[in-house]
Amino acid sequence: MRVTERSTEPSTRPEPVIEVERLHVHAGASHILRGIDLTVRKGEAVALLGANGSGKSTLVRALVGTVAPSHGTVRLLGAGLDADRVPWERIGYVPQRAGARTGVPSTAAEVVASGLLSGRRWWLPRGWRARVRTALDEVGLADRASSAMHVLSGGQQQRVLIARALVRDPDVLVLDEPVAGVDRPSQEAFAASVRRLVGRGVTVLVVLHELGELTELVTRAVVLRHGRVVHDGAPPRPRAAHDAVSHRHVHPHDDEARRPAPLTQNPVNGSTEEVAS
Ligand SMILES: Nc1ncnc2c1ncn2[C@@H]1O[C@H](COP(=O)(O)OP(=O)(O)OP(=O)(O)O)[C@@H](O)[C@H]1O
């Protein structure tokens, strides 16, 4: 009998937290995601970049189960999305342009507390006030707990929504353009919280148009173009020459786009370009 040798060495790589394999998403006749493979491991801070319409939000929505794949698989924290065993309480999600207006005037603390409710649990857990306070403190809004949402700036409202995701004390945080159009203090507060979270071993996947305040923090960038991954590795470096708004971008055709290449990022609009060799 032939015995297959297997290594008894424990793997030193952190375990995968997000696993996407051959993911395709269609919407009507549109083929939006065209075979995405992506593994994010525990403790990574990954930026998902790409031009408008490249599929970033669709990928994130497929990850959290709000968009159904037409083909392929998604696993979160080791559980397949299709098997309905994902521990959602360990996952924080901030959707793109999440509306803070509910029709009912709510305070920041109430909005954050709603993050402690889940599909199966309609009551707040013991100690919820302290958790809400900690989450608001995390985004620099400890003093605004009892402020009504509508009196907060757009950036502060967005920070409250981030606190709503943080109040679960998640192991994984998925954010879709959390700082788009928000004021500078909110961007800085956001970067500071991500830094603390990553320091605690939380895995972060964040859709961004530009790395901005997160430049030093993000260790890996995944760039989408036309529904495909065209770069997965070191974050693109901003280049001074691209600062000009008038700068023209080259968008290669699909065939060229399949070839991964080193990229630089236009800091103005977040689009990426291949480095001239
Ligand atoms: N439900 C839908 N029906 C039809 N087309 C859709 C649907 N959702 C997304 N799309 C299209 O799929 C493409 C990818 O959209 P998606 O929002 O994922 O891109 P994105 O990279 O997040 O863009 P942005 O940076 O502008 O947010 C776009 O062309 C969009 O118009």
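The model is predicted: local features need pLDDT of at least 70, side-chain atom pairs count only at pLDDT 80 or more, and totals for chains, interfaces and linings use all residues. Residue numbers start from 1 along each chain as its sequence is written. The protein chain has six helices and 13 strands, where helices (H or I, at least four residues) and strands (E, at least two) are DSSP runs numbered from the N terminus.

**Chain overview**

- Of the 277 residues in the protein chain, 39% are buried; a residue is buried if 20 or more other C-beta atoms lie within 10 Å of its own, exposed if 12 or fewer, and partly exposed in between, with C-beta atoms placed from the backbone.
- Among contacts between residues at least 6 apart in sequence, 69% join residues at least 24 apart; a contact requires C-beta atoms, placed from the backbone, within 7 Å.

**Around the ligand**

- The residues surrounding the ligand are A27, G28, S30, I32, G50, N52, G53, S54, G55, K56, S57 and T58; a residue counts as near if its C-beta atom, placed from the backbone, lies within 6 Å.
- Two or more residues of this shell come from each of β2 (30-41) and α1 (56-63), and α1 gives the largest share, three residues.
- By class, the shell has two nonpolar, nine polar and one charged residues; Ala, Val, Leu, Ile, Met, Phe, Trp, Tyr, Cys and Pro count as nonpolar, Asp, Glu, Lys and Arg as charged, and the others, Gly among them, as polar.

**Helix α5**

- Helix α5 (residues 184-199) has 16 residues and spans 23 Å from its first C-alpha to its last, close to the expected 22 Å, which is 1.5 Å times one less than the number of residues.
- Its buried residues are S186, A189, F190, S193, V194 and L197.
- They lie on the same side of α5 because they cover an arc of only 135 degrees around the axis, taken from the directions from the helix axis to the C-beta atoms.
- The buried residues of α5 pack against β3 (45-50), α3 (128-138), α4 (154-166), β7 (172-176) and β8 (203-207).
- On the face turned away from the buried side are the exposed residues R184, R196 and G199.
- Just after α5, G201 has a positive phi of about 95 degrees.

- Strands β1 (residues 16-27) and β4 (residues 71-76) run antiparallel and are joined by five bridges; pairing requires at least two bridges found by DSSP.
- H24 stands opposite H71 in β4.
- β4 also pairs with β5 (residues 79-80) in the antiparallel sense, over two bridges, and A79 in β5 is the bridge partner of L76.
- β4 and β5 form a hairpin with two residues between them, and L77 in the turn has a positive phi of about 50 degrees.

Methods:
Two residues are in contact if their C-beta atoms, placed from the backbone, lie within 7 Å.
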